[in-house]
Amino acid sequence: MPSSSPYPSNWKEISLELKKKANWTCQKCGRKCIEPGQKVPQDWTVSKRMAYTLQTHHWDRDPSNSSEDNLICVCTGCHLDLHRGYRGRLSNVSEGQLSLFP
Ligand SMILES: [Zn+2]
Ligand SMILES: [Zn+2]
(Lines give C-alpha, C1' and ligand atoms only; values in the text may rest on other atoms or scores of the structure.)
(Ligands and ions follow the chains in the order given, each with its own letter.)
Protein backbone atom coordinates (compact mmCIF):
# COMPACT_ATOMS: atom_id res chain seq x y z
CA MET A 1 0.00 0.00 0.00
CA PRO A 2 1.53 3.34 -0.97
CA SER A 3 2.07 5.68 1.93
CA SER A 4 1.91 9.45 1.73
CA SER A 5 4.13 9.84 4.78
CA PRO A 6 7.41 11.59 4.00
CA TYR A 7 9.03 9.75 6.89
CA PRO A 8 11.13 6.69 6.13
CA SER A 9 9.53 3.39 7.11
CA ASN A 10 12.02 2.89 9.92
CA TRP A 11 11.60 6.44 11.22
CA LYS A 12 10.41 5.21 14.62
CA GLU A 13 13.58 3.21 15.09
CA ILE A 14 15.76 6.04 13.84
CA SER A 15 14.27 8.58 16.21
CA LEU A 16 14.26 6.14 19.10
CA GLU A 17 17.95 5.35 18.55
CA LEU A 18 18.72 9.04 18.43
CA LYS A 19 16.83 9.79 21.61
CA LYS A 20 18.61 6.94 23.38
CA LYS A 21 21.93 8.35 22.21
CA ALA A 22 20.92 11.75 23.54
CA ASN A 23 20.11 10.00 26.84
CA TRP A 24 16.60 11.50 26.65
CA THR A 25 18.09 14.92 27.18
CA CYS A 26 17.22 18.01 25.15
CA GLN A 27 20.29 18.92 23.10
CA LYS A 28 19.36 22.58 23.22
CA CYS A 29 18.52 23.36 26.85
CA GLY A 30 19.68 20.17 28.56
CA ARG A 31 16.28 19.29 29.99
CA LYS A 32 16.00 15.64 30.96
CA CYS A 33 12.85 14.31 29.33
CA ILE A 34 10.57 11.39 30.11
CA GLU A 35 11.85 8.02 28.95
CA PRO A 36 9.41 5.47 27.54
CA GLY A 37 7.78 3.59 30.36
CA GLN A 38 8.96 6.11 32.92
CA LYS A 39 6.34 6.99 35.52
CA VAL A 40 5.61 10.66 36.01
CA PRO A 41 4.02 12.15 39.12
CA GLN A 42 0.26 11.94 38.98
CA ASP A 43 -0.20 15.66 39.43
CA TRP A 44 1.66 16.40 36.21
CA THR A 45 -0.64 18.02 33.69
CA VAL A 46 -0.74 16.98 30.07
CA SER A 47 1.11 20.12 29.09
CA LYS A 48 3.81 19.48 31.67
CA ARG A 49 4.25 15.95 30.39
CA MET A 50 4.31 17.39 26.89
CA ALA A 51 7.03 19.82 27.93
CA TYR A 52 9.16 16.88 29.08
CA THR A 53 8.68 14.89 25.91
CA LEU A 54 11.74 14.58 23.73
CA GLN A 55 11.15 15.15 20.03
CA THR A 56 13.27 14.91 16.95
CA HIS A 57 13.79 17.97 14.80
CA HIS A 58 14.95 18.09 11.18
CA TRP A 59 17.30 21.01 10.56
CA ASP A 60 16.16 21.32 6.97
CA ARG A 61 12.57 20.51 7.92
CA ASP A 62 12.60 17.68 5.42
CA PRO A 63 11.32 14.55 7.18
CA SER A 64 12.59 12.36 4.37
CA ASN A 65 16.14 13.46 5.12
CA SER A 66 16.95 11.33 8.15
CA SER A 67 20.71 11.49 8.09
CA GLU A 68 22.05 12.01 11.57
CA ASP A 69 23.47 15.46 10.96
CA ASN A 70 20.02 16.62 9.90
CA LEU A 71 18.49 15.58 13.20
CA ILE A 72 18.52 16.94 16.73
CA CYS A 73 16.67 15.77 19.83
CA VAL A 74 14.92 18.62 21.60
CA CYS A 75 12.20 19.08 24.19
CA THR A 76 8.83 20.41 23.09
CA GLY A 77 9.56 24.00 24.12
CA CYS A 78 12.84 24.13 22.22
CA HIS A 79 11.19 22.42 19.28
CA LEU A 80 8.58 25.17 19.20
CA ASP A 81 11.36 27.77 19.35
CA LEU A 82 13.10 26.13 16.44
CA HIS A 83 9.94 26.32 14.36
CA ARG A 84 8.89 29.75 15.54
CA GLY A 85 11.75 31.35 13.68
CA TYR A 86 10.71 29.87 10.37
CA ARG A 87 8.37 31.26 7.83
CA GLY A 88 5.97 28.94 6.08
CA ARG A 89 3.89 25.92 6.82
CA LEU A 90 5.07 25.20 10.34
CA SER A 91 5.68 28.74 11.54
CA ASN A 92 2.39 29.00 13.41
CA VAL A 93 2.41 25.47 14.66
CA SER A 94 0.90 24.87 18.10
CA GLU A 95 2.04 22.39 20.72
CA GLY A 96 -0.71 20.00 19.78
CA GLN A 97 0.14 20.16 16.13
CA LEU A 98 3.80 19.62 16.84
CA SER A 99 3.05 16.27 18.37
CA LEU A 100 2.21 15.22 14.84
CA PHE A 101 5.87 15.80 14.00
CA PRO A 102 7.57 13.72 16.65
ZN1 LIG B 1 14.91 22.01 25.43
ZN1 LIG C 1 10.97 20.21 14.05
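## Aromatic pairs

Two aromatic pairs turn up in this structure, which is a predicted model. In one of them, the ring centres of tyrosine 7 and tryptophan 11 are 5.1 Å apart and the planes meet at 40 degrees, so the pair is tilted. Tyrosine 7 and tryptophan 11 are both buried.

The other pair brings together tryptophan 44 and tyrosine 52, with 5.0 Å between the ring centres and 45 degrees between the planes, so this pair is tilted as well.

## The four-cysteine zinc site

Which residues hold the zinc ion (ligand 1)? Its protein donors are the SG atoms of Cys26, Cys29, Cys75 and Cys78, at 2.3 to 2.4 Å from the metal. The angles among the four donor atoms run from 105 to 118 degrees, and the site is tetrahedral. For reference, the ideal angle for four tetrahedral donors is 109.5 degrees.

Along the chain, the donors of the zinc ion (ligand 1) follow the spacing C-x2-C-x45-C-x2-C. Cysteine 29 and cysteine 75 link distant parts of the chain, being 46 residues apart: cysteine 29 belongs to the loop between helix 1 (11-21) and helix 2 (46-51), and cysteine 75 to strand 2 (residues 71-75). Is each of these two buried or partly exposed? Cysteine 29 counts as partly exposed because its relative accessibility is 47%, while cysteine 75 is buried, with a relative accessible area of 2%.

## The three-histidine zinc site

The zinc ion (ligand 2) has His57 (ND1), His79 (NE2) and His83 (NE2) as its protein donors, at distances of 1.9 to 2.1 Å. Their spacing in sequence is H-x21-H-x3-H.

Histidine 79 is buried at 2% relative accessible area, and histidine 83 counts as buried at 4%.

## Alanine 22 and its contacts

The loop between helix 1 and helix 2 also contains alanine 22. This residue counts as buried because its relative accessibility is 12%. Setting aside neighbours within four places in sequence, alanine 22 is in contact with Gln27 and Cys73.

How far from valine 74 does alanine 22 lie in space? The C-alpha atoms of the two are 9.3 Å apart, although 52 residues separate them in sequence.

## The protein as a whole

Stepping back, the protein has four helices and two strands. Read from the N terminus, the order of these elements is α-α-β-β-α-α.

Of the 102 residues in the protein, 35% are buried. Among contacts with a separation of 6 or more, 47% join residues 24 or more positions apart. The protein exposes about 6,700 Å², and carbon and sulfur atoms supply 51% of that area.

How values were computed: Residues are numbered from 1 along each chain as its sequence is written. Chains are lettered from A and ligands numbered from 1 in the order in which they are written. This is a predicted model: local features need pLDDT of at least 70, side-chain atom pairs count only at pLDDT 80 or more; totals for chains, interfaces and linings use all residues. Side-chain values use heavy atoms; hydrogens and water are left out. Donors are N, O and S atoms within 2.8 Å of the metal (3.2 Å for Na, K and Ca); water is not among the atoms, so sites may look incomplete. Four donors count as tetrahedral if all angles lie between 85 and 135 degrees; four count as square planar and six as octahedral if opposite donors are over 155 degrees apart and all others between 65 and 115; anything else is irregular. Buried means under 20% relative accessible area, exposed over 50%, partly exposed in between (1.4 Å probe, protein chains only). Rings of Phe, Tyr and Trp (its six-membered ring) pair if their centres lie within 6.5 Å; planes under 30 degrees apart count as stacked, over 60 as edge-to-face and the rest as tilted. Contact means heavy atoms within 4.5 Å. Accessible areas come from the Shrake-Rupley method with a 1.4 Å probe; for residues, only the protein chains shown count as cover.
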